[in-house]
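Please look over the structure shown here before reading on.

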Amino acid sequence: MGALSGLERLLQSQRGDLFPWVPVLFGCGILWFFSLKHDPTQTELCLIAASAALACVVLAIRRGRGLSAFAAMALLVGVAGFGAAQLRASLVAAPVLEFRLYGAVEGRVVGTDRSVRDRLRVTLDQLRIDRLAPQDTPARVRISLADGVSAPAIGARVMTTAHLMPPQGPVEPRGFDFRRHAWFQKLGAVGYTRVPVLLVEKPGGDLAIGRMRAALSGAIRSRMAPETAGFAAAITTGERADIPQAELDALRASNLAHLLAISGLHMGLLAGVVFGGIRLGFALMPPVAMRLPVKKLAALVALAAAASYLLISGGQVASTRAFVMVAVMLCAVVLDRRALSLRAVALAALLILALRPESLLSPGFQMSFAATTALIAVFSALQAWQLPPSLWWARGAVGVVLSSVVAGIATAPFAAAHFNQLSQFGLLANVPAVPVMGLLVVPSAVLALCLAPIGGGWIGLWGMDLGIRWILWVAGWVAGMDGAVRAVAMPPPSVLGLIAFGGIMLAVWRGPLRWSGTIAICAGLLIWSQANRPVVLVSPEGGLVGVMTEQGRALSRSRGQGFAASRWAENDGTLLTQEDAAALWPDPAVLPDWGHALNGRHAVLALPDGAWLIHVMGKAAHAAPIPCVPDIIVVSDRADKLPLTGGCRVMDAITLRKTGSLALLADGRWLTAREVAGDRAWTLRDQGERGVTTVSGTKARQ
């Protein structure tokens, strides 16, 4: 009882600051939903609803007092997060293509972007797909266009002939599952086309905001140089399709890619420029300024400008979070309340998670809120600290350096976990680039929008061009330094949870117990440093095998399966190219006496446990004799039955359709992607027993 009373007093000390914990508990409920290995049954949903009802009863009886009330509140908020995720997964449910297809595709253009290979892509909805029934037609598809094909206008109805396939699973167990991401985007198929895209119907009256964004991006491209137009369009409308890949790589390597995301920096600067400009305008009219609450009027105008910016930018997670923060701040000005606090961050997180629970798993959400929470916590703690009056000129520089350091430290674990790299000289790039962004680029963008109706927009665009050129120069300079980027291996699943919990404790909790967050962070980093990568990886269709060696992961082929090869290299924390990794695969002159020799079409490698792995690729290799004894593992990229007898383990395309990608762990256990993902709505069901569908004369094996 004494321990419970002490815990109750400890929680009681947090009563005045409990609201920041609400989105944390809500997020735990969302994680609960996504960690399930199967979709909740009706019985399970009823039990969860009953537990929520019981929590409401406890809260009503205890009237919000006591440990039981705190536990009931935590349960209720967690169940609400679970329910929000379940509801969202049901609302976005749409057909998913279950086989490869080649045929005519017609649809309306709703978005354009670029792939990781720098290919232009279009997203289509309102689809008609040749020989596919309406009830089986996906809600959206995304198609990579042929080289030289320009992007069609947003809202236009187009048609082409494309190769389509279902959204693919992770290239390794515990890797990024694109199927889940596609499910919440209502993306039922992806593919490519090698032929032109034909215009069926010009844009109509719908998608007005999308067309406005496209028109604004087009106006920027037509009036600015190609090397700066893509950057300018990205920070204005959120469209990144025109940023050259070399520039994007330099921005990422120098830790300046955050300037492209329409986040708190852009939204805050825009609102600040409008707020200050309106107040200055009123100040030039003393009779008006003396009679009207000009500060509150300026806040309302700035709020309208921020809302317009949110619509133009596409409403991504970072921009939505930034808008909510700015809106809370401006409303606080109108109501004469404190403008910036952790409660505003918590409110923004709660709204985003309620509307889009899946965003909790995205790097954008995690990095955005990690940086914002850390900045508010640190600057609140340093509120009483002031520079000497003689150093007033250094306040801006100190603020920029401190902001860059705090935000960089807060986001580094999440960036390293999701993107497998760390920018080691990010501070060196941010110090000269961020002030130019705030003092020149964003004010010039506002000026361009204001002067555009009278033909003076070129003045603002000239200022944007000047500032962007400086930022790109800094990015290229820093990215070109030796050791600018450090590769980082993918962490185990528990690492980010420990680091996030530790950071929240440090930022939100009161009293000495907050420093226990450092224990959680150190534990996460220790687990990360001691983690072992899989000994063997097999790609989802058996087209590539990777075996860990002392020099790095050896690959069974030097060409083909490039996406899996690059993702494996990133997750291993290496910078090996596929060609270099394939060179690590030995070609032993003497193989064990299996009764017959293998030819050069087989990739053979000895595993650390004494077994042998044989990768059989292509029809000719399948025709050659293959040994089959218990200490041999045979991987095949074909669905044809191999002529094998004996005790060897065979992993062919048919088996891999059921299991997904494979990993042999350090403890000798084989882990499958299907085992990790479970049987969820976004996971394709067993395709091993399905037939063959013919579309436009092409067989698509299910």
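Which residues of α13 are buried? They are Leu342, Ala344, Val345, Ala346, Ala348, Ala349, Ile352 and Leu353, where buried means under 20% relative accessible area, exposed over 50% and partly exposed in between, with a 1.4 Å probe and protein chains only. Helix α13 covers residues 342–355, and its 14 residues reach 20 Å from the first C-alpha to the last, close to the 20 Å expected at 1.5 Å a residue. The expected span is 1.5 Å times one less than the number of residues. Helices (H or I, at least four residues) and strands (E, at least two) are DSSP runs, numbered from the N terminus.

The model is predicted: local features need pLDDT of at least 70, side-chain atom pairs count only at pLDDT 80 or more, and totals for chains, interfaces and linings use all residues. Residues are numbered from 1 along each chain as its sequence is written, and side-chain values use heavy atoms, with hydrogens and water left out.

Helix α6 (residues 208–223) packs on helix α7 (residues 226–237) at an angle of about 150 degrees, and their axes are 9 Å apart. Axes are lines fitted to C-alpha atoms, for helices over the stretch in contact, and angles run from 0 to 180 degrees between N-to-C directions. The two helices, α6 and α7, are therefore roughly antiparallel; angles under 35 degrees count as roughly parallel, over 145 as roughly antiparallel, 65 to 115 as roughly perpendicular and the rest as oblique. On the α6 side, Arg213, Leu216, Ser217, Ile220 and Arg221 meet Ala229, Ala232, Ala233, Thr236 and Thr237 of α7, contact meaning heavy atoms within 4.5 Å. By class, this contact of α6 with α7 has five nonpolar, three polar and two charged residues. Ala, Val, Leu, Ile, Met, Phe, Trp, Tyr, Cys and Pro count as nonpolar, Asp, Glu, Lys and Arg as charged, and the others, Gly among them, as polar.

Ser217 lies in α6 and is buried, with a relative accessible area of 2%. Leaving out residues up to four places away in sequence, Ser217 touches Ala233, Thr237 and Glu239.

Helix α6 also meets helix α11 (residues 294–313): their axes come within 8 Å and cross at roughly 85 degrees. That makes α6 roughly perpendicular to α11. Ile209, Met212, Arg213 and Leu216 of α6 make the contact with Leu311, Ile312 and Ser313 of α11.

The chain as a whole has 24 helices and 19 strands. Of its 702 residues, 44% count as buried.
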